[in-house]
Amino acid sequence: MSTREWLLTEQPASRRQARLGQSYRTWLAFRRNRLAMIGLGIVLALVAVALLAPFISPYNPIVGGDLRTERLLSPSWQHLLGTDDQARDILSRILHGSRITLLVVALVAVIATPIGLLVGTTAGYYGGWVDTVLMRLTDIFLAFPRLILALAFVAALGPGIENAIIAIAITSWPPYARLARAETLTIRNADHIDAIRLQGAHSARIIWGHVVPLCLSSVIVRVTLDMAGIILTAAGLGFLGLGAQPPQPEWGAMIAGGRRFILDHWWVATMPGLAIFVVSLGFNFLGDGLRDVLDPKAQK
Amino acid sequence: MKHLPKLVGAALIASLGLFAPAARAATPPDTLIQAWAIDDIISLDPAEVFEFTASEILGNSYQGLIGYDVKDVSNIFGVVAEKWDISADGKTYTFTIRDGLKFASGNPITASDAVFSLRRAVKLDKSPAFILTQFGFTADNVDAMIRQTGPMTFEYEIDKAYAPTLVLYCLTATVGFIVDEKLAMEHAVDGDFGYNWLKTGYAGSGAFTIREWRANEVVVLERNDNYSGPTPAMARTIYRHIPEAATQRLLLEQGDIDIARNVSADSIDVLAANPGLAVDSGVKGSIYYLGLNQKNPILAIPEVRQAMKYLIDYATIADTIMKGRVTVHQAFLPRGFLGALEDTPFALNVVKAKELLAAAGYPNGFTVTMDTRNTDEITSIGTAIQQTMALAGITVEIIPGDGQQTLTKYRARNHDIYIGRWGPDYQDPHTNADTFARNPNNADDATSKPLAWRNAWNIPEMTARTDAAVLEADAGKRAQMYLDLQAEHQQTSPFIIMFQEIEVMARRANVQGYVVGPSFNDNSFRAVTK
């Protein structure tokens, strides 16, 4: 029996086999979606580039070359994407900048998703005044435009990449809470939840062990689709001088720096802009693909 | 569907409009249009104006008692004043007003107007009032110290025998401009000397009258037919608020404006190469410097300060990032001032800097923060400095912030390094000596907070020398005193003075006669022709 047959068998012999088989089927469905595969490719490339940045960058991203001779050079074989006003190689900066982008995306996902899940499932599970309090709190956060709220937080905390991440995380959990609550409402009275409750399980155990896993897939889809927005918010904060600080090669800050030269030296602002565009597109494709395979309501 | 033909017709007309060749824009022949970031204007009252843009507007719409030659500022001459006499004790100046001058309103200019204007500035006590009050005027004594003695004469009595050039230069500042007493008092409310009205109003006698100021939008000036000098060729001058240098450049290239006032260093060459355009520049009095806070124990070590002076590549920054916008200058008096020191003893020298750091006990460098205003120019200079400092192991962490944030921190002495730009308030050397080399009280609660105080630099001896220079009447001796002060200051101070600013503007080639002076109220478009 080949591995593939073992995974796709109609009669799994163990729980593990069933779970792996289900994952494999999901993967097969995902793989049929070409755009999703492109998105996955881009995201994997981003991760690879971020890991290998010091080894594949041709130049130092922070220390520039000779200001007198290597400033604002157009793209050439020496500098594939040209150099900026401090004589730094733009390709190297973009490659290193991917680390910052990935850091922002990963940390925001790690911070915001659990908060959103916890608030949403708690509100949905308990209902009543707990629901009212938590959801009104969520409403307050949703009432502000995200970038403006993030700006206010960064202005209060001080500029810097850590504070930008905190600000973005604080502003991005409410949609997840809403989503998780909606999912919880549909399952909290399901038979299997009632069965666990009858067995005497504690509420925390029910939420964590049985409600959260059922909400997780739709929240993951939502988070992935939000990644592009998170990247853009981080770049926006960087553009406004409130995100990563110079000389860090943050893409948004690079665009802000290159804006002055856009008439005569287009590549300085364009290259980091393209990087943001490609990565955002990659996350969107990936998110769309994940929704197609993970969202049970969208099954064809 | 009976409207269909009408709709099609409308669509056709609309699309014709879209595809019609764009008409070549040109500004009217009797109107000068400038694009500039004019968001700094907060008032148009001479007693309050202390901002670059508003100073320039007042310089073209008001007149002072005296003025100076913008090419050679040591040549001082009377404007509204015909002549002045200085008493033997050097404390009383008697001014005589020129006959036959009129304000734009038609009112004649008399000694009463001059006395009113100066007393008004002292009594209102706005930001620039210190330029006058440093001579001992207060709201209580000014009526006795500045007194009218005849229809066209008045006396101006100061508390000490300051150098005459200092006294006279201070009167050339915008705060000393002559306001139309009758007109201002017509608009006075609750004894405010017309302050609320003059914020947006106009009561002067200059070549142009201020017709309108709409904040962050436009300032419109019109020719003053009662002006005593040669009649300007332009009937109207308009400042449009266009903050982005790139936008200004596009408008200039299209001919929508006559002059672009914000020109980025990297576009100077491109603009100069365009045959339809020309680039003018003039050396300004502003200087770029680093302030090293002496409250930081590392920066307080003299060798460390000295080492840092060798870790900036002055020449390269001036030739590349700031090309055409700055020249290297390393003393606190800008070129063109009495007694300005033009030596530039410091250049990038990593070996020497490392020796000095080793002597100071920091052979491997250290880490400091630098508060950097997030404008393009300051950030670029800061980044370049960060790179050269790193060559000797000094890690400079840049903390960007907007002007308000960084300045607040600087004024509270909470910074390590502050990268700043300082513009002199008037043309006398005391204006900069007063702030860079004078710190009468270094306590946290001091009332006077010059730059030396902001960097917690305690200098009782140098303060005394600066005070002595103010009282020296002989210009030659006084110049030597300032040269000596600067030579010492250059080596020992916690200020790393780097550059002097050059103001650059780009104009359509047919616009002639714009004068770029050493300070902003000297920029003059009186003589502009098209």
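# Helix packing and chain contact

Helix α3(A) passes α11(A) in a left-handed crossing (a crossing is left-handed if the near helix is turned anticlockwise from the far one by less than a right angle, and right-handed if clockwise). The model is predicted: local features need pLDDT of at least 70 and side-chain atom pairs count only at pLDDT 80 or more, while totals for chains, interfaces and linings use all residues. Residues are numbered from 1 along each chain as its sequence is written, and chains are lettered from A, with ligands numbered from 1, in the order in which they are written.

**Helix pairs in chain A.** Helix α3 (residues 34-56) of chain A packs on helix α11 (residues 267-294) of chain A at an angle of about 130°, and their axes are 7 Å apart. That angle makes α3(A) oblique to α11(A). Axes are lines fitted to C-alpha atoms, for helices over the stretch in contact, and angles run from 0 to 180 degrees between N-to-C directions; angles under 35 degrees count as roughly parallel, over 145 as roughly antiparallel, 65 to 115 as roughly perpendicular and the rest as oblique.

On the α3(A) side, the residues that meet α11(A) are Leu35(A), Ala36(A), Ile38(A), Gly39(A), Leu40(A), Ile42(A), Val43(A) and Leu46(A). Their counterparts in α11(A) include Val278(A), Phe283(A), Phe285(A) and Asp288(A). Contact requires C-beta atoms, placed from the backbone, to lie within 7 Å. By class, the contact of α3(A) with α11(A) has 12 nonpolar residues, four polar and one charged (Ala, Val, Leu, Ile, Met, Phe, Trp, Tyr, Cys and Pro count as nonpolar, Asp, Glu, Lys and Arg as charged, and the others, Gly among them, as polar).

Helix α11(A) also packs with helix α10 (residues 251-258) of chain A, where the axes come within 7 Å and cross at roughly 155°. This makes α10(A) roughly antiparallel to α11(A), and the crossing is left-handed. Trp251(A), Met254(A), Ile255(A) and Gly258(A) of α10(A) make the contact with residues of α11(A), among them Val268(A), Pro272(A) and Ile276(A). Eight of the contact residues are nonpolar and two are polar, with no charged residues.

**A helix pair in chain B.** Helices α18 (residues 460-470) and α19 (residues 475-492) of chain B pack at about 160°, with axes 9 Å apart. They are therefore roughly antiparallel to each other, and their crossing is left-handed. Arg465(B), Thr466(B) and Ala469(B) of α18(B) face Arg478(B), Met481(B), Tyr482(B) and Leu485(B) of α19(B) in this contact. The classes are four nonpolar, one polar and two charged.

| Helix pair | Axis angle | Axis separation |
|---|---|---|
| α3(A) and α11(A) | about 130° | 7 Å |
| α10(A) and α11(A) | roughly 155° | within 7 Å |
| α18(B) and α19(B) | about 160° | 9 Å |

**Chain contact.** On the side of chain B, 23 residues are in contact with 17 residues of chain A. The largest share of the chain B side, eight residues, comes from α14(B).

How values were computed. Helix = DSSP H or I, 4+ residues; strand = E, 2+ residues; numbered from the N terminus. Contact = placed C-beta atoms within 7 Å.
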